[in-house]
Amino acid sequence: MANPAPTTTVASLTRHDGWERFAADWSSDQRAFKTASWGKVMMWIFLLSDTFIFSCFLLSYMTVRMSTTVPWPNPSEVFALELGGKPVPLILIAIMTFILISSSGTMAMAVNYGYRRERRTTAALMLATAAFGASFVGMQAFEWTKLIREGVRPWGNPWGADQFGSSFFMITGFHGTHVTIGVIFLIIIARKVWRGDFDRERRGFFTSRKGRYENVEIMGLYWHFVDLVWVFIFALFYLW
Amino acid sequence: MSHAATQAHAATPAIAHAEGQQHPIKLYLVIWGWLFVLSTCSYLVDYFGLHGYLRWFLILLFMILKAGLIVAVFMHMAWERLTLIYAILLPPVAVLVFVGIMVFEANYTLFTRLDFFGTGP
């Protein structure tokens, strides 16, 4: 009765991994990304293009910093805050880093609860993520205000190389814009989750496509990317 | 044989969609904890004022580890197929070539500034 031969054939076909499957995927008909939906793939490709944009900013920062004959201002001192009468180096930036990492944690858990169809927990976690993001932008606004009052401009600053200001405002400004857009995006998706759009497959306002909990994961990809970019900015701009 | 292959290929996406990305919450909490530890470490590099190659090595090490954890676990890249992984993670390697080019360019600019405009203001 039992015929083990076809089963093993199917199992071996689905199990074979690595370059063989890689080549099979890319040479296959119509669809290369077998397990990822087009929405997820498009978000990944958008993030790839965004990676190049941020790479170009960081590269131009590296180039001007390497080629200037004037000493670069010491970020450790520039971004220090007075706490209890003595300056603590980079403390605000460290707090911002922890806040953004925490927001990534709550976002990852929101995606998880979304796939478990616990919509209230998902929406609450997304709103927590948005709150973390908003407080991050608030701290960045505080930091910008402080530096502008101290005389930092895109064309000069009191401590050293003129290029410091332009690199700083360009890189952190572009990142802050991404966080702001992410917060708006989060609130929109959280509202849909809360309303039960993804349980009832309600059609989207712009796209008229059925909503699915995968939308939460795609939103999460964007948010984690914003955190990922901050990892590089923190290391290369603030710590270097 | 070929029929079985088609079935296997057709069945894979359906299963993946039904399950989504299901992992225990504990995994995310552990990664979250590690990201905190690594961020603290990179902050301490600055706090203790380490300098030179040790500082750069540690900064880059913690940066790569954090980025790897975020992409692999939080963004679920570890569970995607090789096809998507290579499509997304290979192109940024071109950026490293760009870095190399710009290092040469920056050194040349610095050389011309020092050589033709004195030692700077």
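This is a predicted model: local features need pLDDT of at least 70, side-chain atom pairs count only at pLDDT 80 or more; totals for chains, interfaces and linings use all residues.
Helix axes here are lines fitted to C-alpha atoms over the stretch in contact, and the angle between two of them runs from 0 to 180 degrees between N-to-C directions.

**Where H5(A) meets H2(B)**

H5(A) and H2(B) pack with their axes 10 Å apart, at an angle of about 170°. Angles over 145 degrees count as roughly antiparallel, and H5(A) and H2(B) are therefore roughly antiparallel to each other. On the H5(A) side the contact is made by Ala94(A), Thr97(A), Phe98(A), Ile101(A), Gly105(A), Ala108(A), Met109(A) and Asn112(A). Facing them from H2(B) are Ile25(B), Tyr28(B), Trp32(B), Leu35(B), Phe36(B), Ser39(B) and Tyr43(B). By class, this contact of H5(A) with H2(B) divides into 11 nonpolar, four polar and no charged residues.

**A second pairing across the chains**

Helix H3 of chain A (residues 38-67) also has a partner in chain B: its axis and that of helix H5 (residues 93-116) of chain B come within 8 Å and cross at roughly 25°. H3(A) and H5(B) are therefore roughly parallel to each other, and their crossing is right-handed. From H3(A), the residues taking part include Leu59(A), Met62(A) and Met66(A), and among those they meet in H5(B) are Phe98(B), Met102(B), Glu105(B) and Arg113(B). The contact of H3(A) with H5(B) has nine nonpolar, five polar and two charged residues.

**The interface as a whole**

Stepping back, 54 residues of chain B are in contact with 53 residues of chain A. On the chain B side, the elements giving two or more residues are helices H1 (2-19), H2 (25-47), H3 (53-74), H4 (82-89) and H5. The residues of that side divide into 36 nonpolar, 12 polar and six charged.

**A pairing inside chain A**

Helix H6 (residues 119-149) and helix H7 (residues 163-195) of chain A have axes that come within 9 Å and cross at roughly 160°. H6(A) and H7(A) are therefore roughly antiparallel to each other, and the crossing is left-handed. Among the residues in this contact are Met126(A), Ala130(A), Gly133(A) and Phe136(A) of H6(A), together with Gly176(A), Val183(A), Leu186(A) and Trp194(A) of H7(A). By class, the contact of H6(A) with H7(A) has 15 nonpolar, eight polar and one charged residues.

| Helix pair | Axes | Angle |
|---|---|---|
| H5(A) and H2(B) | 10 Å apart | about 170° |
| H3(A) and H5(B) | within 8 Å | roughly 25° |
| H6(A) and H7(A) | within 9 Å | roughly 160° |

**Chain A overall**

Chain A has eight helices and two strands, and from the N terminus on its elements run α-α-α-α-β-β-α-α-α-α. Its C-alpha trace spans about 85 × 40 × 35 Å along the principal axes. The radius of gyration of chain A is 23 Å, whereas a compact globule of 240 residues would have one near 18 Å. Buried residues make up 33% of the 240 residues in chain A. Of the contacts in chain A between residues at least 6 apart in sequence, 69% join residues at least 24 apart.

**A closer look at Ile91(A)**

Ile91(A) lies in helix H5 (residues 91-115) of chain A. Ile91(A) has 16 other C-beta atoms within 10 Å, so this residue is partly exposed. Leaving aside residues up to four places away in sequence, Ile91(A) touches Leu81(A) and Leu83(A). Trp159(A) is 68 residues from Ile91(A) in sequence and 20 Å away in space, C-alpha to C-alpha.

Notes: Residues are numbered from 1 along each chain as its sequence is written. Chains are lettered from A and ligands numbered from 1 in the order in which they are written. Helices (H or I, at least four residues) and strands (E, at least two) are DSSP runs, numbered from the N terminus. Angles under 35 degrees count as roughly parallel, over 145 as roughly antiparallel, 65 to 115 as roughly perpendicular and the rest as oblique. A crossing is left-handed if the near helix is turned anticlockwise from the far one by less than a right angle, and right-handed if clockwise. Two residues are in contact if their C-beta atoms, placed from the backbone, lie within 7 Å. Ala, Val, Leu, Ile, Met, Phe, Trp, Tyr, Cys and Pro count as nonpolar, Asp, Glu, Lys and Arg as charged, and the others, Gly among them, as polar. The radius of gyration is taken over C-alpha atoms; the globule rule is 2.2 Å times the number of residues to the power 0.38. A residue is buried if 20 or more other C-beta atoms lie within 10 Å of its own, exposed if 12 or fewer, and partly exposed in between; C-beta atoms are placed from the backbone.
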